[in-house]
Amino acid sequence: MSIYLDNNATTRVDSEVLQAMLPFFADQFGNPSSMHNIGAAAGAAMKTARQQLQALIGAKFDHEIIFTSGGTESNNTAVLSALDVMHERSEIVTSAVEHPAVLTLCGYLEKTRGIKVRRIPVDQHGRLDLDAYRAALTHRVAIVSIMWANNETGTIFPVARLSEMAKKVGAIFHTDAVQAIGKLPVDLKSTAIDMLSLSGHKFHGPKGVGALYIKSGVPFHALFMGGHQQRNRRAGTENTPGIVGLGKAAELALWRMDEEITWVKSLRDRLEKGLLERIPKTFVTGDPLARLPNTTNVVFEGIGSEAVQFLLNRHGIACAFGSACSSGSSRQSHVLKAMNLPDAAALGAVRFSFSHFSREEDVDQVLEVIPGIVKKLRGSFPFSAVGERRRIDNSAAAAG
């Protein structure tokens, strides 16, 4: 039996979401922009989905939501739009631990457009340096893009406070909330947040669909141009089945919010407690208090995280090291590097992320298997940051 503890990478599509989507692949296949009844049915379903998402994120109006292909498109759209509409400004403020969907774009803009990017450091728990953030906020800043919660450590950023600080210098404030939506209560209408990105597959919706919230009155420039869909803010025929699935996932996430904060968190805490009690030279990264209820990033000192993941996979246990978007690289996680973890520790970090589909017996099975894996790996090959990929492959093969 497989055990899935990699829910920050993607989640299982809920059966109710799948059932809601199926009619829009067949009987209700119309183009929502068409004027006839078949198209109108698709348009009405999109309207419902927009309202379901509005309720989850606490938007004031449903028209503040545009549907996208996911978090990466939403992030890119937000940043590029802000630079276009605030063309007299040429700086971006972000954090050193953002998702590659933001950091890669910022690096590209530095090289190709001469945009000044101010990357705010974090402390050893992944918490933003507020003094550095405050100093970076000037009237040259077009947009601040700070994630709501980190995808690797689960550390939560005080985005409501950060947005208020950004507004004092007239900057647009965007948050990548891909990991937060569905796991934390959100009420955007009570904040100064201008734009927010989310992705359906992170809270049991389908892949390939997400949304960008744009507060009413915030200037915006579309990334995709062509048709007049979504009030001219995102051209292209809408992915109706995906949008319907996103809406249903949003409805279910709001209904299950208490379960996410209590039951899912209890599973995470059960795993952390068991690992720390059973395995020496082990510690948890991230903010011990302000952290996503489903996420734990555990460092097993003296071994490589890829070897742990490799051997857990042999036992049918799915977890992750670093971000799914950067897997396949033996480089130290940019998040843990920004937190100033030593190489020998950071390269032994493994992320476990839960969902409401997770069970107590999943945790117990991990706790039964992993101490032996760590013991074997530590005994087989002393860890070294030099030649990390070779040692990981060799130690995993020897211990397995």
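Before I name any partners, one term: two strands pair if DSSP finds at least two bridges between them. In general, strands of a sheet pair through backbone hydrogen bonds, either parallel or antiparallel. Please keep in mind that this is a predicted model.

I start with the three-stranded sheet. This open sheet has 3 strands in the order β9-β10-β12, and the pairing is antiparallel. At the edges are β9, residues 282-284, and β12, residues 349-353, each pairing on one side only. From one strand to the next, the twist averages 25 degrees.

Take β9 and β10 in detail. Which residue of β10 is the bridge partner of Val 284? The partner is Val 298. Helix α9, residues 257-278, lies across β9, β10 and β12, and runs at about 10 degrees to β10.

Now the other sheet. This one is open as well, with 7 strands in the order β2-β8-β7-β6-β5-β3-β4 and mixed pairing. The edge positions go to β2, 65-68, and β4, 116-120; each has a single partner strand, so one side of each is left without a neighbour in the sheet. Here the twist averages 20 degrees from one strand to the next.

At the β4 end, strand β3, residues 91-95, runs parallel to β4 and is joined to β4 by 5 bridges. Within that pairing, Ile 92 has Val 117 in β4 as its bridge partner. Helix α4, residues 100-113, packs on this sheet and touches β3, β4 and β5, 141-145; the direction of α4 makes about 150 degrees with that of β3. Further along, helix α6, residues 159-167, lies across β5 and β6, 172-176, at about 160 degrees to β6.

Next, helix against helix. Helix α3, residues 71-85, packs with α4 at an angle of about 35 degrees, and the axes are 9 Å apart. That crossing is right-handed. On the α3 side, the contact residues include Val 79, Leu 80 and Leu 83, and on the α4 side they include Val 102, Leu 105 and Leu 109. By class, the contact of α3 with α4 comes to 7 nonpolar, 3 polar and 2 charged residues.

The other helix pair is α2, residues 37-57, with α8, residues 240-255. Their axes come within 8 Å and cross at roughly 30 degrees. Is this crossing left-handed or right-handed? The crossing of α2 and α8 is left-handed. Among the α2 residues in the contact are Ala 42, Ala 45, Met 46 and Ala 49, and among those of α8 are Ile 243, Val 244, Leu 246 and Gly 247. The contact of α2 with α8 has 13 nonpolar, 3 polar and 2 charged residues.

Last, the aromatic rings. How many aromatic pairs does a search of the whole structure find? The count is 0.

Methods: Residues are numbered from 1 along each chain as its sequence is written. This is a predicted model: local features need pLDDT of at least 70, side-chain atom pairs count only at pLDDT 80 or more; totals for chains, interfaces and linings use all residues. Side-chain values use heavy atoms; hydrogens and water are left out. Helices (H or I, at least four residues) and strands (E, at least two) are DSSP runs, numbered from the N terminus. Axes are lines fitted to C-alpha atoms, for helices over the stretch in contact, and angles run from 0 to 180 degrees between N-to-C directions. Contact means heavy atoms within 4.5 Å. A crossing is left-handed if the near helix is turned anticlockwise from the far one by less than a right angle, and right-handed if clockwise. Ala, Val, Leu, Ile, Met, Phe, Trp, Tyr, Cys and Pro count as nonpolar, Asp, Glu, Lys and Arg as charged, and the others, Gly among them, as polar. Rings of Phe, Tyr and Trp (its six-membered ring) pair if their centres lie within 6.5 Å; planes under 30 degrees apart count as stacked, over 60 as edge-to-face and the rest as tilted.
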